[in-house]
Amino acid sequence: MADDGTILIGKSEKPEVLLLKLANRHGLVTGATGTGKTVTLQVLAEGFARHGVPVFAADIKGDLSGIAAPGNSKPPFVKRAEELGVKYEPDQFTTVFWDVFGEQGHPVRATISEMGPLLLARLLDLNDTQEGVLNIAFRIADEQKLLLLDLKDLRAILSFIAENAQELTTKYGNVTSASVGTIQRALLVLENQKGDLFFGEPALDINDLMKTDRDGRGIVNIMAADKLMANPRLYATFLLWLLSELFEQLPEVGDLDKPKLVFFFDEAHLLFNGAPKALLTAVEQVVRLIRSKGVGVYFVTQNPLDIPDTVLAQLGNRVQHALRAFTPRDQKAVRAAAETFRQNPKIDTEQAITQLAVGEALVSTLEGKGSPTMVERCLIAPPMAQVGPITPQERTQCMRASGFTGKYDTMVDRDSAYEALMKRKGMNADGSLVEASTEGGGGILDTIGGWLGGPKERPKTGPGSRGGPLPQSMTEKIITSAARSAATSIGRQVGNAILRGVLGSLTGGRR
């Protein structure tokens, strides 16, 4: 197939194509279940990869994995290719599989610091007050150079600010035990859903998603999301984090002849459902500005009403599969979808949306200086790779050939906030007591003093000095804190098991 700078989407009276130089203006693929959205996504992914553009896509049902295997010349695909005037040539594409749980692909991880308080608050479904406490935790960790890498680091810093809330309140604001407890419970729920596997090191290097193979084709990165969908908030937060990382780390490149990466966000409604205004604003900004980094974002969802208007207005390349107008909301969605297209006097767009057959779609892409083409009803091109999932054995072979074996497979647990705070409390990471020493700093007392305006001045001799005894009340406080930490650490596994039993009975970096 000639490289003319376009991707063939389908054919109406003429070929309907996507211009690569305008592909970073983002896109939208919508339609009811079973109308062909996944096939269209695969057609676009194949087209980008064929032109040397790396692709990242979430695989909700496992069907996209077939892109790694050659097509099998099924009669319907061969016939469709003939109808479009192209030759059906079975093809396959270099594919790397990823999986947050590390079961169907290489593990994907991020550190707590990289995720940040805004996305974590969204993930944990926190209110404004609880999000404020989370921000305090991040601020203290940043000022004290405490690495927040995994969930135990976050738990440790939260426990610390709760235990020392009185000393910290005057500088950072009110910290209540109720707010900290709510966050800790949310972290427990996330851990029970295996969300803790996502936080830690080695964290994903986004440059590993932007590679080409030896033939110059873009590598297709498939995120196994079938199990991830059991926690849709984690799924949406992960993809938004990835978008944010791309936005922050990639340099400005302006408009290129083709994108540096194309990102497909399937089940996009999960990103926006119940999202607070601050998060929606952040999504809008990322989508609007990330195109200048050479990244195209394509949202895939059932209903165009799933996407906020401020984001929808930025999606210039659109493929609309059939919608069914059975309810008033469905009828509203059909009208909304029809009105977003540049109208074609030859087509009753609203009526056509309800009449499209499987494998048909209304298509409008950007042309020339970025103006949309008139909407056309067209037959979608057939994928050249396999349609449907590959076998577990084929997936394993792809993983072995990816070049990432060993890089991400084993989690690394280096010293971070948890270990540092345990030492400051006089505890080892395993909960045992640190041997007493007369040398070094004042530990946790100097730490609090530093946060509140510099180290506390101590007399050289007498009570409170480096070598002298502490006042009785202060001694009792340190002993009590150390004992509480020891009990918490020693009983961590037993306590978690009890909590899980109670809940069950009630409900039945890198930087």
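At what angle do α8 and helix α10 pack, and how far apart are their axes? Keep that in mind while you get set up.

**Before you click**

This is a predicted model, in which local features need pLDDT of at least 70 and side-chain atom pairs count only at pLDDT 80 or more, while totals for chains, interfaces and linings use all residues. Residues are numbered from 1 along each chain as its sequence is written, and side-chain values use heavy atoms, with hydrogens and water left out. Helices (H or I, at least four residues) and strands (E, at least two) are DSSP runs, numbered from the N terminus.

**Stop 1: α8 and α10**

Select residues 232-249 for α8, then 277-289 for α10. Here is the reply to the opening question: the angle is about 45 degrees and the axes are 10 Å apart. Axes are lines fitted to C-alpha atoms, for helices over the stretch in contact, and angles run from 0 to 180 degrees between N-to-C directions. The pair is therefore oblique; angles under 35 degrees count as roughly parallel, over 145 as roughly antiparallel, 65 to 115 as roughly perpendicular and the rest as oblique. Now show the side chains in contact (heavy atoms within 4.5 Å): Leu240, Leu243, Ser244 and Phe247 on α8, facing Leu279, Val283, Val286 and Leu289 on α10.

**Stop 2: α4 and α5**

Next, pick residues 128-143 (α4) and 151-163 (α5), whose axes are also 10 Å apart but at about 100 degrees. These two helices are therefore roughly perpendicular. On α4, look for Val133, Leu134, Ile136, Ala137, Phe138 and Ile140; they meet Leu154, Ile157, Leu158 and Ile161 of α5.

**Stop 3**

Most residues other than glycine have a negative phi, and most peptide bonds are trans. Select Asp125, in the loop between α3 (112-124) and α4: its phi is positive, near 55 degrees. Asp125 is exposed, because its relative accessibility is 55% (exposed is over 50%, buried under 20%, partly exposed in between; 1.4 Å probe, protein chains only). Glu267, in the loop between β8 (261-266) and α9 (269-272), has a positive phi too, near 50 degrees. Then find Glu201 and Pro202, joined by a cis peptide bond with omega about 0 degrees.

**Stop 4: confidence**

Finally, colour by pLDDT, the predictor's confidence in each residue, from 0 to 100. The protein chain averages 84, and 83% of the residues score at least 70. Over residues 447-511, pLDDT is below 50. Where pLDDT is low, the predicted coordinates should not be read in detail.
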